[in-house]
Amino acid sequence: MKFLIIRANPRLNGATNALADAFVSGLDSIGATYTQFFLASKNVKDCLGCYACVSSKSRHCVHKDDFSDILKTLQASDILVVFSPLYFYTMSGLLKRFFERMFPYIKTTDFNGKKFLAITAASNRHGRIFEGLNKTYALIAEDLKFDFLAHIKRGEGVYITRPMAKSKQVSEVLEAMQFSAIELCRTQKISPETIEKIEQYLSDSDEAFEYNSQLYWQRLMSTNTDERKLSFDEILNALATSYLQQEKPQEIVIKFTLEDVNSSKLLQIKNNSAVILDNENLPENVSVKTNLKTLQGFLNGKVKVMEAIFTGNIRIGGDITIFTKFNRLFDLKAVAKKLS
């Protein structure tokens with residue numbers, strides 16, 4: 001079974017991407033074949049409504065862009081899986097643009113029998129917010145002759161991007177998302193039990209969710225924006241040159257990933273010194289995923305670590321105890337002075 005996975009989320013550090021990562025890890029665990037496209041990085045132009053595609057037998061669009069590659073991949077795949085955030089009660093603009101370009105295939109048999117799975121992440125709780133998109137996906141599947149498997153809806157996205165809160169339940173959700181991919185490969189469907197685990201409520205009540213949601217947005221919006229913008233290299237060099245020599249030095253590799261600039265670098269502590277490495281194939285002990293602004297703010301003391309983790313602006317993987325010892329590994333006051 002060949003999968004085409006379409007990620008239609010503009011942001012790389014949100015709940016949609018976390019769900020997609022879990023699904024892909026499930027495919028990887030059993031060696032499934034898949035191709036994925038990140039629509040945010042693809043040139044897919046808006047439908048012009050010119051009808052050129054339906055006025056010729058070829059059904060070719062007047063646009064010459066990346067859509068043709070995605071379409072060819074879909075034609076060679078057995079199942080289409082789309083991941084999208086819920087924006088104003090519907091799919092993201094990126095995904096809507098993709099489906100609009102599918103216009104010449106409405107009521108045809110080109111995709112007859114191909115399976116279709118949709119996964120949506122929303123910041124709000126479950127309920128009526130998904131009703132419109134439920135109907136939209138059902139109509140898309142009907143008119144394109146897809147075998148519609150399910151529309152999986154994951155609300156309360158603020159918890160998915162907060163690894164320190166509701167960690168047990170969030171782990172269950174992501175594990176179920178991972179298993180859904182495995183289950184789909186084995187049985188050609190996803191069981192109601194698996195979907196229920198993915199869609200389970202994380203808040204104890206509407207009131208509890210409302211409180212935490214407001215806190216999330218208040219802290220997110222209060223992030224300091226008035227600071228000199230530095231490059232990735234400048235920030236990590238400031239950190240590396242402020243390494244504090246240890247009585248019992250350890251060999252540590254820290255991987256920093258800036259998702260807004262799509263770049264990763266390694267900071268290696270070895271022989272009681274710290275160096276920055278580019279594109280080295282070394283296993284990391286701890287990973288730090290964030291964005292340029294938050295990394296700079298964290299190291300110069302203007303962003304509170306727990307708040308950044310709470311809002312999902314910093315995500316830690318691997319040995320989290322190394323991250324908690326940053327103030328013993330590096331002179332953070334010296335780093336802040338260098339970055340000011």
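Q: Which residue in S2 is the bridge partner of Ile-6?

A: The model is a predicted one. In S2, Ile-6 has Phe-37 as its bridge partner. That pair belongs to the link between S2 and strand S1 (residues 2–7), which run parallel and are joined by six bridges.

Q: In what order do the strands of that open sheet stand, and what is the sense of their pairing?

A: The order across the open sheet of five strands is S2-S1-S3-S4-S5, and the pairing is parallel. Strand S2 (33–38) and strand S5 (147–154) are at the edges; each has a single partner strand, so one side of each has no neighbour in the sheet. On average, neighbouring strands here are turned by 15° against each other, direction ignored.

Q: Which strands does helix H4 lie across?

A: Helix H4 (residues 131–143) lies across strand S3 (79–85), strand S4 (115–121) and S5. The helix runs at about 160° to S5.

Q: Which residues stand opposite Thr-257 in S7 and in S9?

A: In S7, Ser-264 stands opposite Thr-257. In S9, the residue opposite Thr-257 is Lys-289.

Q: How many residues of strand S9 are buried?

A: Four of the five residues of strand S9 (residues 286–290) are buried, which leaves the strand mostly covered.

Q: How should I describe two helices that pack together?

A: Two packed helices are described by the angle between their axes and the distance between the axes. Take helix H1 (residues 15–29) and helix H6 (residues 167–187): their axes come within 7 Å and cross at roughly 45°. H1 is therefore oblique to H6. The residues in contact include Ala-18, Leu-19 and Ala-22 of H1, and Val-173, Leu-174 and Met-177 of H6. The crossing of H1 and H6 is right-handed.

Q: At what angle do the axes of H9 and H10 cross?

A: The axes of helix H9 (residues 232–240) and helix H10 (residues 292–299) cross at roughly 25° and come within 10 Å. That makes H9 roughly parallel to H10. Their crossing is left-handed. Phe-232, Ile-235, Leu-236 and Leu-239 of H9 meet Leu-292, Leu-295, Gln-296 and Leu-299 of H10.

Q: How many disulfides are there?

A: A pair of cysteine sulfur atoms must be within 2.5 Å to count, and the count is zero. Cys-61, for instance, is in no disulfide; the nearest cysteine sulfur, that of Cys-53, is 6.4 Å away.

Q: Is Cys-61 buried, exposed or partly exposed?

A: Cys-61 is partly exposed, as its relative accessible area is 24%.

Notes
Residues are numbered from 1 along each chain as its sequence is written. This is a predicted model: local features need pLDDT of at least 70, side-chain atom pairs count only at pLDDT 80 or more; totals for chains, interfaces and linings use all residues. Side-chain values use heavy atoms; hydrogens and water are left out. Two strands pair if DSSP finds at least two bridges between them. Helices (H or I, at least four residues) and strands (E, at least two) are DSSP runs, numbered from the N terminus. Axes are lines fitted to C-alpha atoms, for helices over the stretch in contact, and angles run from 0 to 180 degrees between N-to-C directions. Contact means heavy atoms within 4.5 Å. Buried means under 20% relative accessible area, exposed over 50%, partly exposed in between (1.4 Å probe, protein chains only). Angles under 35 degrees count as roughly parallel, over 145 as roughly antiparallel, 65 to 115 as roughly perpendicular and the rest as oblique. A crossing is left-handed if the near helix is turned anticlockwise from the far one by less than a right angle, and right-handed if clockwise.
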